[in-house]
Amino acid sequence: MSETRHSSTDPEVGEPISERAVLDAVLRAVIVTRPNGEIVLWNRAAEELYGWPEHEVLGRQIFDLLVPAAALDLAAEVMSQVGSGEAWRGDFSVLRRDGDTVRVHAINRPVLDAAGQVVGIVGFSEDVTEQRLLERQAADLADRLALALDAGGFGTWRWDMATGRVEWDPSLEQLYGLEPGTFDGTYDAYTALVHPDDLDKTLATVREAVRAKSAYVVDHRVVWPDGSVHWVQGKGRVILDAAGEVAGTIGCTADITEPMRVVFEREHSRARAVESAETERLSRERLQFLGEINDTLSRSDDEQQLMRNVTRAAVPKLGDYCGIYVLPESGGATPEIEIAHTDPAKVAYARELQERFPFDPTASTGIPAVIRSGRSEFHPEIDEETLREADTTDEARDVARTLGLRSAIAVPLVKRGRVLGAMQFVNTRSSRAYASADLTLAEAVAARIASALANMRLRAHQRLIATTLQSSLLPESLPEIPGLELAVGYWAAGEGTEVGGDFYDVFEVDSGWAVVIGDVCGTGPVAASLTGLVRHTIRAAAWQRAPHDEVLRQVNTAVLRSGRSTFCTALFATLTETASGYRFEMVSGGHPLPIVLRADGTTETLGSPGTLLGAFADPRLITVASDIGPGESLVMYTDGITDVRPPHDLSTDALEQIVVRAARGAGSATEVINRLGHELSAILPIAERNDDIALRVIKAPGKP
Amino acid sequence: MTATRTDGDTPRTWRIDLNGELDLDTAPALTEQFDELAQNGAVLVIVGLADVTFLDSSGLRALVHGARAIEEAGGRLLVDGASGDSPTRSSSWSSSRCSGLGTHRG
């Protein structure tokens, strides 16, 4: 802006400066009119702004020249206001000579004479078209920004480091839970609202941005005065002063509580999915492991085998070391011990330890305590402190260190409330620590093992009873019968777990010798007890000289009255010495009939099949007799020989041929038995048969 | 094993012809059939054993059980073709054992 002086005749300047020249030097358009609007002065700037040269406008009406129709009223008002002596300023749209409209900012003032009368109006105007456009654009921009901030839920701030003042807009106050206008503008008031857990991180981010003179983004929580927690994201940048130094920060903040909730939820559900997949995998592994343990148990025939198998199956699946302690069935506090370790050298070391430190049933912790209490012990983490505090010996501590124990589980083997022993699983330093799920698995494993152990003992017990019974029912040795050779063959059915019902007996009676062979339907202790009944009934009846059929009739009654829904077959015979040999007198109660090999090489089936014993009230029993002379043999057998599932079954004819082959040229009754056994095995190995076989051979030596 | 049941000439008489192996696996079904006939007041049940290729103690037990049950119900159970009177039999499962059971002489 150039300066002008009102005094144009300053003597120091010399040449006078015309007022007109001054007016033309003014950058604003200057127009002077009479109060009626007649133009009397029009400077150069006016010529440039409106396009009219002065000489064309002087004397003309300013209304006609510049005022567009739409602004005539406003122009008249302005003229009247200024005509009355007041000034007016404002924006005005004006017509240029070329027809364009230009927006001007005008100041109109009255020109007064000495008496104070308005004699003219002077107007100063400048083109503000562009300025007004920029101003409108700026205002629009501000409006749009406000709209955008509002729509995005943004609040803005400005922090002046020099004064420490923090300016917040009402939106930001809202984001921090404050009523508009209540934020006191101090830095402390700001930090007090940031969640204490996020404050350090937030301030550190700002500090770093200030140091680096950079922009920053920080997510943090705010705690509203009502105590609720909200997430916000601040995006700021530093503001620099003229010297390029940081003067403060400026930025905007948005609420991100909802997006954060979504993020957290997603993270949470991802974590849950990972967790449940892991759980699923673990439970599958556990099921698989339990399956393996079951297989192992079913493959174990005795306790030692079971102990060895399960410890080997458990390592390394359930531990680097596994020990099983089984109390003896007979009682006593010192268990049988079996161990397995991933490192065979450690097994040797552990055995050596067992030698050095005998099992102490009274120890307050560990296996002895678990066995006494029937409760599990769980040491998820064994560290130096645990070892120091443990109620144990220094040696034991050294052992734990040497073995590198990390985590241990001890579980009792309990079946029906009885503690049969305990198991120990240990992970060493190279493996993971046990979790409670491992304890659960260990207990499940222990339950199965205890169950198998108890069943195994029960079965062994039953087998023992049955075997004891059976053997007590078979004569310990066969009596010598003058002039006759006796031999017996007895093969128990394949499995050997159950005792069969075949029996035989030989005893002295008044008339000579009684010979018995029989088969009780069924196996096991029940059959064995029935066998006892049958055997003793026969003996008692025979000793009382009951006729042959009467002996079996008494057996029939005894079995019927035993109340057991089973029955038996039996063959009762006597051998009475005669001048030429022995007289064989027999009766069969449903039992296979004996085969006799005559001296001439022919065979003969003796007797008549009678009724099963113990099945019906009135059995049909027929006694027959036959003489056995020198060189003749008699074979009595049970149906285990013939009644085999096809194709290994034998007809009576086929059996007779086998008997002929076995007896021909045999030196003794025992040899006949051996040969028969051999022949039968050739048909179907004894081990594969499901039924017992009892064979009795009576041979009268010599030549006929 | 198959069991073919046919009605007899007179009311409440049946004939059951067995074919195949009468053992632990097949005996229970036969036992059930005998119980059912006993409940129905069977007067006579003839069990045909000629085509039985194998008969173990379980099978025998089923037959004995049936004979007892039907007898208690006032009827009779007879077996046919088991007593060794058929020399053409290929198998000699202890037909002798069945001799305690009433034998049907057709």
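In β15(A), Val426(A) is the bridge partner of Tyr321(A). The model is predicted: local features need pLDDT of at least 70, side-chain atom pairs count only at pLDDT 80 or more, and totals for chains, interfaces and linings use all residues. Residues are numbered from 1 along each chain as its sequence is written, chains are lettered from A and ligands numbered from 1 in the order in which they are written, and side-chain values use heavy atoms, with hydrogens and water left out. Helices (H or I, at least four residues) and strands (E, at least two) are DSSP runs, numbered from the N terminus.

**Sheet with β11 and β15 of chain A**

- This open sheet has 5 strands in the order β12-β11-β15-β14-β13 (chain A), and the pairing is antiparallel. Two strands pair if DSSP finds at least two bridges between them.
- β12 (336-341) and β13 (377-379) of chain A are the edge strands, each pairing on one side only.
- Neighbouring strands of this sheet are turned by 15° against each other on average, direction ignored. Axes are lines fitted to C-alpha atoms, for helices over the stretch in contact; angles run from 0 to 180 degrees between N-to-C directions.
- β11 (residues 321-326) and β15 (residues 418-428) of chain A pair in the antiparallel sense over 6 bridges.
- Helix α11 (residues 303-314) of chain A lies across β11, β12 and β15 of chain A. The helix runs at about 25° to β12(A). Contact means heavy atoms within 4.5 Å.

**Sheet with β6 and β10 of chain A**

- Here too there is an open sheet of 5 strands, ordered β7-β6-β10-β9-β8 (chain A), with antiparallel pairing.
- Its edge strands are β7 (165-168) and β8 (215-223) of chain A; each pairs on one side only.
- On average, neighbouring strands of this sheet are turned by 25° against each other, direction ignored.
- β6 (residues 155-160) and β10 (residues 246-255) of chain A pair in the antiparallel sense over 6 bridges. In β10(A), Gly251(A) is the bridge partner of Trp157(A).
- Helix α10 (residues 257-298) of chain A lies across β9 (229-240) and β10 of chain A, at about 120° to β9(A).

**Backbone details in chain A loops**

- Val315(A) and Pro316(A) are joined by a cis peptide bond, with omega about 5°. Pro316(A) lies in the loop between α11 and β11 of chain A.
- Lys213(A) is a residue other than glycine with a positive phi, near 55°. Lys213(A) sits in the loop between α9 (196-212) and β8 of chain A.

**Interface of chains A and B**

- 22 residues of chain B are in contact with 29 residues of chain A.
- The buried area is about 1,900 Å², of which carbon and sulfur atoms give 52%. Buried area is the accessible area (1.4 Å probe) that two parts lose on being put together, summed over both.
- The rule finds 2 residue pairs in polar contact across the interface, both at pLDDT 80 or more. A polar contact is a pair of N or O atoms within 3.5 Å; within protein, one must be able to donate a hydrogen and the other to accept it, and residues adjacent in sequence count only if both atoms are side-chain atoms.
- β3 (44-55) and α2 (57-72) of chain B each supply at least two residues of the side of chain B that touches chain A. The largest share, 7 residues, comes from α2(B).
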